[in-house]
Amino acid sequence: MDPSRPLDHGPAPLPGSLTSVARCLVMGILNVTPDSFSDGGEWDRPDRAIPRGLALAADGADIIDVGGESTRPGAVRIGAQQELDRVIPVVAGLAEAGVAVSVDTTRASVAQAALEHGAVIVNDVSAGAVDPAMAGLIASAGVVYVAMHSRGASDAPDEYGDVVTDVARELGDRVAALLAAGVQGHQLVLDPGLGFAKSGANNWPLLARLDELRGLGYPLLIGASRKRFLGALRSTRTGVPLAPSLRDNATTAVTALAAAAGAWCVRVHDVTGSADAVRVAAAWTAAGREDAQ
Ligand code: PMM
């Protein structure tokens with residue numbers, strides 16, 4: 001599929017400054033958790049998290065994604081109040097400073113409070129499957145909603161037939177449920193959920209065949225940043241994968257390729273590399289189009 005082909009749905013209703021951006025967007029990750037796999041414990045207090053979010057925005061993040069609950073395999077679920085306590089001061093502080101904020105949550109109550117405090121996007125790794133109230137909230141709020149593919153709480157890589165076909169079908173099922181609950185198509189962004197019960201062998205086809213996922217007709221968000229399958233590309237001689245903090249160059253390479261393949265947004269920890277990579281991809285793609293004329 002031609003990455004420059006307009007999507008059936010979109011652009012999603014974003015704040016004015018973002019709607020006009022003609023390139024892949026960069027979402028900076030801000031996990032206000034003690035236990036996320038890469039940045040857990042670094043930014044889990046508002047007095048550290050807000051400056052970190054502002055720094056990510058200054059580095060070139062178009063959106064800051066604030067999450068209060070780790071989705072790391074084996075992480076214990078926290079209560080709604082604890083998630084609210086972690087997330088809301090940071091969402092409010094960043095939104096007040098003029099940053100476009102996304103909230104990474106599976107709970108409708110947390111999403112609603114975040115929207116009331118200035119968030120403009122809800123990012124749900126369960127695509128509405130965890131909290132039955134989520135779809136109704138998104139429908140009434142009318143905001144952009146990132147619906148990610150996952151298969152429940154499974155930690156280990158799951159069994160797939162053809163992984164791209166399976167993920168596309170299962171995302172399609174979630175889309176149907178969301179639309180039936182009143183969510184509008186133009187609110188939706190889809191995400192294949194790299195690393196969520198998926199092995200390296202599962203993740204690569206999802207990236208290589210992004211056009212098939214784009215075929216669902218919605219903008220795509222890609223979250224490869226620092227994930228294990230990137231660390232495994234360059235293991236030490238004893239077979240130990242590169243540490244998460246050493247996976248940013250590989251992440252930037254994924255950003256460039258995903259952006260050139262038509263991704264709407266990449267979700268990353270290190271923003272500087274991806275901010276460059278999305279611009280390289282945009283210039284490359286535009287030059288290819290001019291040549292063809
Ligand atoms: N990955 C994580 C958390 N939230 N949200 C979306 N939409 N896509 C992802 O791939 C995704 C996500 C886990 O990574 P983290 O612990 O570094 O945030």
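Colleague: Which side chain does Asp-162 meet in a salt bridge?

Modeller: Asp-162 pairs with Arg-209. The N to O distance is 3.0 Å. Keep in mind that this is a predicted model.

Colleague: What lets us call that a salt bridge?

Modeller: The general idea is a distance test. A side-chain nitrogen of Lys or Arg must lie within 4 Å of a carboxyl oxygen of Asp or Glu. In this case, Asp-162 and Arg-209 are at 3.0 Å, so they pass the test.

Colleague: Where do the two residues of this pair sit in the chain?

Modeller: Asp-162 is in the loop between E5 and H6. Arg-209 is in the loop between helix H7 (200-208) and helix H8 (210-214). They are 47 residues apart, and the pair links distant parts of the chain.

Colleague: Is Asp-162 buried, exposed or partly exposed?

Modeller: Under 20% is buried, over 50% is exposed, and partly exposed lies in between. Asp-162 has 32%, so it counts as partly exposed. Arg-209 is partly exposed too, with 25%.

Colleague: How many salt bridges does the whole structure have?

Modeller: A search finds 14. Another of them joins Arg-151 and Asp-166, at 3.9 Å from N to O. Arg-151 lies in the loop between strand E5 (144-148) and helix H6 (163-180), while Asp-166 is in helix H6, so the bridge ties together parts 15 residues apart in sequence.

Colleague: Let us turn to one residue, Ala-224. Where does it lie?

Modeller: Ala-224 is in the loop between strand E7 (221-222) and helix H9 (228-231). At 3% relative accessibility, Ala-224 is buried.

Colleague: What does Ala-224 touch?

Modeller: Leave out residues up to four places away in sequence. Then Ala-224 touches Leu-194, Phe-229, Leu-230, Val-254 and Arg-267. Look at Val-254: it is 30 residues from Ala-224 in sequence, and their C-alpha atoms are 7.4 Å apart.

Colleague: How do we read contacts across the protein chain?

Modeller: Sort them by separation in sequence. Take contacts between residues at least 6 apart: 68% of these join residues at least 24 apart.

Colleague: Last topic, the overall form. What radius of gyration does the protein chain have?

Modeller: Compare the value with what a compact globule would give. With 293 residues, that would be near 19 Å; the protein chain has 18 Å, which agrees. The C-alpha atoms fill a box of roughly 50 × 50 × 40 Å along the principal axes. The secondary structure comes to 11 helices and 8 strands.

Colleague: And how much of the protein chain is buried?

Modeller: Of its 293 residues, 50% count as buried. The accessible surface is about 12,400 Å², and carbon and sulfur atoms hold 55% of that area.

Key. Residues numbered from 1 in each chain as written. Predicted model: local features only at pLDDT ≥ 70, side-chain atom pairs only at ≥ 80, totals over all residues. Heavy atoms only, no water. Helix = DSSP H or I, 4+ residues; strand = E, 2+ residues; numbered from the N terminus. Rg over C-alpha atoms; globule rule 2.2 N^0.38 Å. Buried < 20%, exposed > 50% of the residue type's maximum accessible area, 1.4 Å probe, protein only. Contact = heavy atoms within 4.5 Å. Areas by Shrake-Rupley, 256 points an atom, 1.4 Å probe, with all protein chains shown as cover.
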